[in-house]
Amino acid sequence: MSDSLRPRDLGVIVRNTNQLDISKIVDLQKESYPYLAPYGNIWRSEELESHLTIFPQGQFVAVEPDGTIVGSASTFIVTLNPEYAEHTWKGITADGLFTTHIPNGDTLYLADISTHPKHRHEGIGSMIIDRWKELVIKQNLRRMIGGGRLFNYTEHADKISVYEYAEKVMKRELRDPVLTFELDIGFRSVKILPNYLEDVRSLNYACFIEWLNPIYQSP
Ligand SMILES: CC(C)(COP(=O)(O)OP(=O)(O)OC[C@H]1O[C@@H](n2cnc3c(N)ncnc32)[C@H](O)[C@@H]1OP(=O)(O)O)[C@@H](O)C(=O)NCCC(=O)NCCS
């Protein structure tokens, strides 16, 4: 990250999402997900409304001092049984509505994080993740998990399998804009999730990622 680009110093804050943010998040999603938007695999207003009703504490936006939203993130709570159960994005999020939220579950599920393409590598993504970590600790959740799309796999799929690709990213022989970011900020890769999300970049593969709460207290 460049010394001249520090979002915290420039006044960018991460706060909980409110109703007035919804249309701005929909606009941001179109910019952030040019490969998913044509398939409708980005948030619709009704889904964002549902997230706010179900679990407002888990919804976040990154905002510039003038009110421009440059990042957003959506989470809810689950309990997976078994703990590393294979799942799809649509299945676990109830088609994006989060009606699968379990208030007394043990795991924060990371359904989405994105920053505006013009503001990537400025530290905004990691500011959001810091808020996720705070939430996990505050609610005494055991961990947070998600499916990180293997964004650059499409560029290697004719040469190596998805397993080799993920291995190379983990060994730092290849760089993936999503998985490398997640590994750098402390997630571990558990396994490959096939058919996770319809996506021409990852060819529908995601990496099951996990971050354990270091001060979790078993009830
Ligand atoms: C993934 C995404 C959210 C990252 O957002 P971002 O704002 O660029 O994130 P940051 O600037 O905080 O972090 C990215 C960089 O910092 C590094 N980094 C961040 N925190 C770090 C830390 N504490 N220590 C070391 N490295 C760190 C990352 O590896 C990465 O390195 P680079 O800038 O040198 O390339 C963004 O790329 C994005 O919106 N992608 C498209 C949407 C998407 O696919 N989301 C994931 C859905 S599964």
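Trainee: Where is Pro 82 found?

Mentor: Pro 82 is found in the loop between β3 and α3 (89–92). The model is predicted, so local features need pLDDT of at least 70 and side-chain atom pairs count only at pLDDT 80 or more, while totals for chains, interfaces and linings use all residues. Residues are numbered from 1 along each chain as its sequence is written. The element names come from DSSP runs numbered from the N terminus, helices being H or I of at least four residues and strands E of at least two.

The peptide bond that joins Asn 81 and Pro 82 is cis, with omega about 0°. Two other loops hold a backbone feature of another kind. Phe 98, in the loop between α3 and β4, is not a glycine but has a positive phi of about 65°. Phe 98 is buried, since 26 other C-beta atoms lie within 10 Å; buried stands for 20 or more other C-beta atoms within 10 Å of the residue's own, exposed for 12 or fewer and partly exposed for the range in between, with C-beta atoms placed from the backbone. Asn 140, in the loop between α4 and β5, also is not a glycine and has a positive phi, near 45°. Asn 140 is partly exposed, with 13 other C-beta atoms within 10 Å.

The protein has six helices and seven strands, in the sequence pattern β-α-α-β-β-α-β-α-β-α-α-β-β. Its radius of gyration is 17 Å, close to the 17 Å given by the globule rule for 219 residues, so the protein is as compact as a globular protein of that length. The radius is taken over C-alpha atoms, and the rule is 2.2 Å times the number of residues to the power 0.38. Of the 219 residues, 36% count as buried.

The seven strands make an open sheet with mixed pairing, in the order β1-β2-β3-β4-β5-β7-β6; two strands pair if DSSP finds at least two bridges between them. β1 (13–16) and β6 (188–193) stand at the edges with a single partner strand each, so one side of each has no neighbour in the sheet. From one strand to the next the twist averages 25°. Helix α1 (residues 22–32) packs on this sheet and touches β2 (59–63), β3 (69–78) and β4, its direction making about 100° with that of β3. α4 lies across β1, β2, β3, β4 and β5 and runs at about 165° to β4. These angles run from 0 to 180 degrees between N-to-C directions, with axes fitted as lines to C-alpha atoms, for helices over the stretch in contact.

β3, at one end of the loop that holds Pro 82, is joined to β2 by five bridges, and the two run antiparallel. Gln 59 stands opposite Ser 74 in β3. The two strands form a hairpin with five residues between them, and Gly 67 in the turn has a positive phi of about 95°. In a regular strand, side chains alternate between the two faces of the sheet. In β2, Gln 59, Val 61 and Val 63 point one way and Phe 60 and Ala 62 the other, and all are buried. On the β1 side, β1 and β2 pair in the antiparallel sense over four bridges, with Val 14 opposite Ala 62.

Leu 135, in helix α4, is partly exposed, with 18 other C-beta atoms within 10 Å. Setting aside neighbours within four places in sequence, Leu 135 is in contact with Gln 57, Gly 58 and Leu 108; contact requires C-beta atoms, placed from the backbone, within 7 Å. Tyr 84 is 51 residues from Leu 135 along the chain, and their C-alpha atoms are separated by 21 Å.

The ligand is surrounded by 21 residues, the closest being Arg 120, His 121, Gly 125, Ser 126 and Asp 184; a residue is near a molecule if its C-beta atom, placed from the backbone, lies within 6 Å of it. The elements that give two or more residues to this shell are β4 (107–115), α4 (124–138), β5 (143–149) and α6 (179–184).

Methods: Two residues are in contact if their C-beta atoms, placed from the backbone, lie within 7 Å.
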